[in-house]
Amino acid sequence: MTAEQLISFARGAPSLDIVDVEGLKAAAVRAFDTDPAGITAYGTSVGYPPLRKWIADKHGVAAEQVLVTNGSLQADAFLFDHLVRPGDAVVVERPTYDRTLLNLQQLGSEVHAVTVAPDGLDTAELRKLLESGVRPKLAHVIPNYQNPAGVTLSLEKRRELLDLAAEYGFTIFEDDPYADIRFRGEALPSMLSLDTRGVVVHASSFTKTVCPGVRVGYLVGPADLIADIAKRATNLYISPGMVSEAIVHQFCVSGDIDRSIATVSTALGERARVLAESLRRHIPDASFVEPDGGYFLWVELPEDVEVDALAPAAAERGVAVVKGSDFVQEGGRHALRLAFSAVTADKIEEGVRRLAAAVAEVRGR
């Protein structure tokens, strides 16, 4: 199967047709024209100051509460390294982002996975865990259009989670890169914006709203925590990429980011709808929650479909998927994550057709 024929639901990245290449080129020229000395020199460990200020204003916080990083995964790593020691309890969603799980396991933490329901993390299950005596250092939560499950944490559960964090003394790590990519429903307030007790550290990035190649993410949290992590950042790399951050800043202040968000959200809304319709048509006994935004749809298949057999059978037919078992410590044997962000609407149904043929083959063995 040649690369041209492959239909990949594996990668959470936008297709090139929805990246504003011309806008980014113009932003790059403006960045070099506006601040050549600032962006060609070593910068500060907290990031490009004008972008730091723009992010602070977006979230209604002081600039001292923002650290701009090389992608949000690095923001995650900085926070985990700062807060988590071997043996510390941490709470994650089940399922959760595979690299989060891997990073926390490599740190030697004691990972407690709490079920994700159609309206987000099961807070009743979390409360039982806390009442049993578990005292997590942090809870990692992806509240909007969760990766991989595609679900959104309800407003009621956001408030309950804030109360639990205050009551039991843990940090909520609100990992929120998808929030702006909403194509249905109403936007919900971030837990950062609802937090009056200093229990939330928020992370996001420009990967989903601008493009992955800029590698610009950020942390928002208490100023003292940000200052401590900034010291580590200085020792690690002196400063993150000033050129990328300055380009993103120009892209944002020009208003191009708002147009980009509208373009991406419209395209992905159509792709999510076509994917859901195709799954209902071709794999009618699959179950899923249709997402209101983001990049991903999580599919639960019947018990007689093992994804360890399905993934290679799908690959043979030229469709790439990610096994659900990659996103949990145990289980996920009958689930798939489908990323619809990189597959144009005209290819989605063919991809699902191929997947359905692979399902039929696995069932017939």
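Predicted model: local features only at pLDDT ≥ 70, side-chain atom pairs only at ≥ 80, totals over all residues.

**The nonpolar cores**
- The largest nonpolar core has 50 residues, and Leu-126, Phe-170, Ile-172 and Phe-206 are the ones touching the most other members.
- Helix α10, residues 242-253, supplies the largest share of this core, with six residues.
- There's also a second, separate core of 44 residues, with Leu-310, Phe-340, Val-343 and Ile-348 among them.
- As background, nonpolar side chains tend to be buried together in soluble globular proteins.
- If you click on Ile-172 and skip its neighbours within four places in sequence, you'll find contacts with residues including Ala-139, Leu-161, Met-191 and Val-200.

**Asp-88**
- Look for Asp-88 in the loop between α4 (72-83) and β3 (89-94).
- Asp-88 counts as buried because its relative accessibility is 17%, and the cut-off for buried is under 20%.
- The side chain of Asp-88 has a polar atom 2.8 Å from the backbone nitrogen of Arg-85.
- Not counting residues up to four places away in sequence, Asp-88 touches Leu-83, Ser-109, Glu-110 and Lys-137.
- Val-134 sits 46 residues from Asp-88 along the chain, and their C-alpha atoms are 10.0 Å apart.

**Arg-333**
- Arg-333 is in a loop too, the one between β13 (322-323) and β14 (335-339).
- With a relative accessible area of 45%, Arg-333 is partly exposed.
- Leaving out residues up to four places away in sequence, Arg-333 touches Val-305, Glu-306 and Val-307.
- Between the C-alpha atoms of Arg-333 and Arg-184 there's a separation of 30 Å, with the two residues 149 apart along the chain.

Notes:
Residues numbered from 1 in each chain as written. Heavy atoms only, no water. Core = buried A, V, L, I, M, F, W, Y, C linked by side-chain atoms within 4.5 Å. Buried < 20%, exposed > 50% of the residue type's maximum accessible area, 1.4 Å probe, protein only. Helix = DSSP H or I, 4+ residues; strand = E, 2+ residues; numbered from the N terminus. Contact = heavy atoms within 4.5 Å. Polar contact = N/O pair within 3.5 Å; in protein donor to acceptor, adjacent residues only side chain to side chain.
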